[in-house]
Amino acid sequence: MLTVEENDLITKTGPETPMGGLFRRFWLPVLLADELPGPDSPPVRVEVLGERLVAFKDTEGRIGFLDRRCPHRQVDLFWGRNEEGGLRCVYHGWKFDVDGSCLDIPNALEGETFRDKIKTFAAYPGLEAGGLVWVYMGPKALKPELPGMEWLRLPPSHRYVSKIMLRANYLQLMEGDMDSSHVGFLHSKADGGYGATELQSRLQQQMFVDKMPRWELKPTDYGIMLGARREGDNGEASWRVNQWLMPSFTMIAAKPGAPPLIQLRIPVDDENSMFIRVVWHPTRPLSDKEMYQYRDAGIFFPELIPGTFTPKENMDNDYLMDRAMQRSYSFTGIKSIPAQDFAVQENQGGGPLMDRSNEHLVSSDTAIINVRRRLIQTAINLQEGQEPLEPVGVAAANVRAVDIALGSDEVVWDGAREYLEARSW
Ligand SMILES: [Fe+2]
């Protein structure tokens, strides 16, 4: 449970908010790379951390994010012409480069000299990596390196990157990533058992047998390692260790040899978020079968409304919930695994921004409680002038999450150690 004040602090990420300040210390992925396909391609609207931006790739391939309001009379630069090294406003032809500097004021006699005094309201640097376009919205002098995760260094054939827009605060979505105990219920069969869908081979059978995970947590330079233990067969302990990276990235445990997975939760504003998910293989291209499963089957990745990032199973149609299916086959009656999560997350607390002063947490919520504490404390420290060290930690975080069986008395951090680093299986 959080106080109303703590809940405000951790959920609100607009300009001048404490958590907004913390998010602005990190590179954030906001576009699929193919949304900015090439030099001088059409500009794209981006809303992130409550700011309305336009992204464009200029003639030389540099990427910039500008405040959408033209500094002249605030016309939307999204309508602009992306040409010859800048974005030109269609209202009076004022032109800006990726740094937000004004290159041309062609409608006034004083334009030649006045343009040096003009900048866009905001201009943020952008970079392309890992099939995504990233933005850094913080102080220029504190700009960190990009995250050090292995999938950012792989060729496109080795990964599948997807993006979905959801109607909920980022924290509602992210808390699902560290809520191990929900899997054995929300994603189970009607009788609570394993395997409601073919793709549940990704999910660990033990989550549907022992429904009360016990937690071991370990703070790191970049976030927290979240170990959930269940009793396994033959006296073994069955562990799922997720990796939470500040501010809102979670690597989800996968068995050694199975493609790793990360979920990135990016605030659009306080009531909307981007859900970016990357699946990859560290040493080979994803196979046709894997791509079919991850992209097309409608189970692991939901079908989208064509031309949008909105799932077909969404709030407006009750996620296409089928009560007959719920009675006979699956615990929820909702087809795709992600949509099962969307249904609970988007409506948590009755809306897009839940009040966490009205909840009753139990021991299975230990990971959620600790991640919240770390975020709140880091944001408060920053507000008091202490810069976070996590951006540097994230830039060095060459890590993985793992799903593994260990001896009953084995310390998880010893037994799982080699699997928590990103190296060959
Ligand atoms: Fe889930």
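First, the ground rules. We are looking at a predicted model: local features need pLDDT of at least 70, side-chain atom pairs count only at pLDDT 80 or more, and totals for chains, interfaces and linings use all residues. Numbering starts from 1 along each chain as its sequence is written.

Overall build. The protein has eleven helices and 18 strands. Both are DSSP runs numbered from the N terminus: helices are H or I with at least four residues, strands are E with at least two. The C-alpha trace spans about 85 × 45 × 45 Å along its principal axes. Of the 425 residues, 45% are buried. Buried means 20 or more other C-beta atoms within 10 Å of the residue's own; exposed means 12 or fewer, partly exposed is in between, and C-beta atoms are placed from the backbone.

Now the domains. The assignment gives domain 1 (27–142) and domain 2 (150–420). Such bounds come from an automatic or database domain assignment. The two centres, over C-alpha atoms, are 34 Å apart.

Next, helix α1, residues 4–11. Its buried residues are Asn7, Ile10 and Thr11. They cover an arc of only 90 degrees around the axis, so they sit on the same side of α1. The arc is that of the directions from the helix axis to the C-beta atoms. What do they pack against? The partners are α2 (18–23), α4 (170–177) and α9 (366–383).

Last, the sheet. Four strands form an open sheet in the order β5-β6-β7-β8, with antiparallel pairing. Pairing takes at least two DSSP bridges between two strands. β5 (81–83) and β8 (102–104) are the edge strands, each pairing on one side only. Inside the sheet, β6 (residues 86–88) and β7 (residues 95–96) run antiparallel, joined by two bridges. There, Leu87 stands opposite Phe96 in β7.

Definitions and conventions
Contact = placed C-beta atoms within 7 Å.
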